[in-house]
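Reader: I would like to learn how to read the surface and the backbone of a model like this one. Could we go through it feature by feature?

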Amino acid sequence: MKIIVANWKMNKVFDEVDEWLNDFFDAYSKNFDQLQDSEMIVCPPSILLDYVDSELMEEAFKNFEELAKVENKKIENFSEEELNQVLVEQRVLGLGAQDCHYEISGSFTGDISASMIRQVGCDYVILGHSDRRVGYSETNQIVRKKVEAAIKEKIIPIVCVGESKEVRGQGKHSDFVLNQLFESLPQHTEFAKLIVAYEPIWSIGTGVTPTEKEIYDMLRIIRTFFEKSSSSRAKELFLLYGGSITSQNSQEILSIDGVDGLLVGKASLDAKEFIKICL
Ligand code: PGA
C-alpha cells in the first residue's frame, strides 16, 4: 500500500474544487484496478474542507446505491450505523487539513483546532510543513504540541521534516532531520498510524529533486530512528518523500526502497496529473 497526499496549499475556490473532483472521480473509475494499492488523501485549504467532505460523502452514497442494486439490498434495511460504516468504506479519497492549532479553543485569531477539523471530516492533518516552519516560525516544540492535539482527536498526523540547502551544504542534514523528528514528536507515544514526509526545502517548488541515493539514505535514517527509539514508536509507519513530484518522476521515486508514498504540492492541483502520480 502506498500513500499519496495532495497538498493544495493556498489554492482553489469552490468551482475549481468541483472541476478537480469531477476529473478525479472520472480518472479514478477508469483506473480503478490499478489504484487499489494506493491510499489517496487530499488536503484542501481549511475553508474548503467541509465542502469537499460533503462532496466525498455524496459520491460515496452514489457508489453505495449502485452496490446495493447489484447485491439486491434495500437501503432502508441498513441501520444508521451500518450506513455510516459503508459510506466511510466507499470514500475513495481521504481528507486532511494543512495545519491545526494545538489548543482546543481560545483567543487565537485566524486559527482552527484539531477538534474543528475532525468535525468537518478530516482523518489527517499535515503538521510542520516547511511553509509553516519557515514562514510562521513554527518550532519543533510547537509542531509537537500540534501532533499531540491531533492524536487526541484521533487524527493521523502527517509530520514534515527536511533540511535547507545550507544545512545540506554543511553536511549536517542527517542530524538536522533526526533532531526535527526527536523534538517534533511527543515522547513516550505509540502512534497507531504515523506518516512522516521527508521534504528537503531546497526541493519544494524548485523542480530540483534529490538523487535516488539521497532519498534512500534519508528515509533509511528516519526508519532506523523509529526502530531504535524507545520513546516514539508507530504501529503503522509510512515514510513519504515530497518536493517537485510530477507524473514524470513519481514512478522512479516510488520504486526507491523505503519510500512508502509521496506528498505532492503543485502537481496535485490538476486531478488528472495527480491520478497519474498515484498509478
Ligand atoms: P511541490 O510541493 O510538490 O510543489 O514541490 C511539495 C510540498 O510542499 O509539499
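Reader: What is the accessible surface of the chain, and what share of it belongs to carbon and sulfur atoms?

Author: Accessible areas come from the Shrake-Rupley method with a 1.4 Å probe, and for residues only the protein chains shown count as cover. Here the accessible surface of the chain comes to about 14100 Å², with 49% belonging to carbon and sulfur atoms. This is a predicted model, in which local features need pLDDT of at least 70, side-chain atom pairs count only at pLDDT 80 or more, and totals for chains, interfaces and linings use all residues. Residues are numbered from 1 along each chain as its sequence is written, and side-chain values use heavy atoms, with hydrogens and water left out.

Reader: How much of the chain is buried?

Author: Buried means under 20% relative accessible area, exposed over 50%, and partly exposed in between (1.4 Å probe, protein chains only). Of the 279 residues in the chain, 49% are buried.

Reader: Is Lys9 buried or partly exposed?

Author: Lys9 counts as partly exposed, because its relative accessibility is 25%. Ser137, also not a glycine, has a positive phi of about 50° and is found in the loop between helix 5 (130-135) and helix 6 (140-152); with a relative accessible area of 54%, Ser137 is exposed.

Key: Helices (H or I, at least four residues) and strands (E, at least two) are DSSP runs, numbered from the N terminus.
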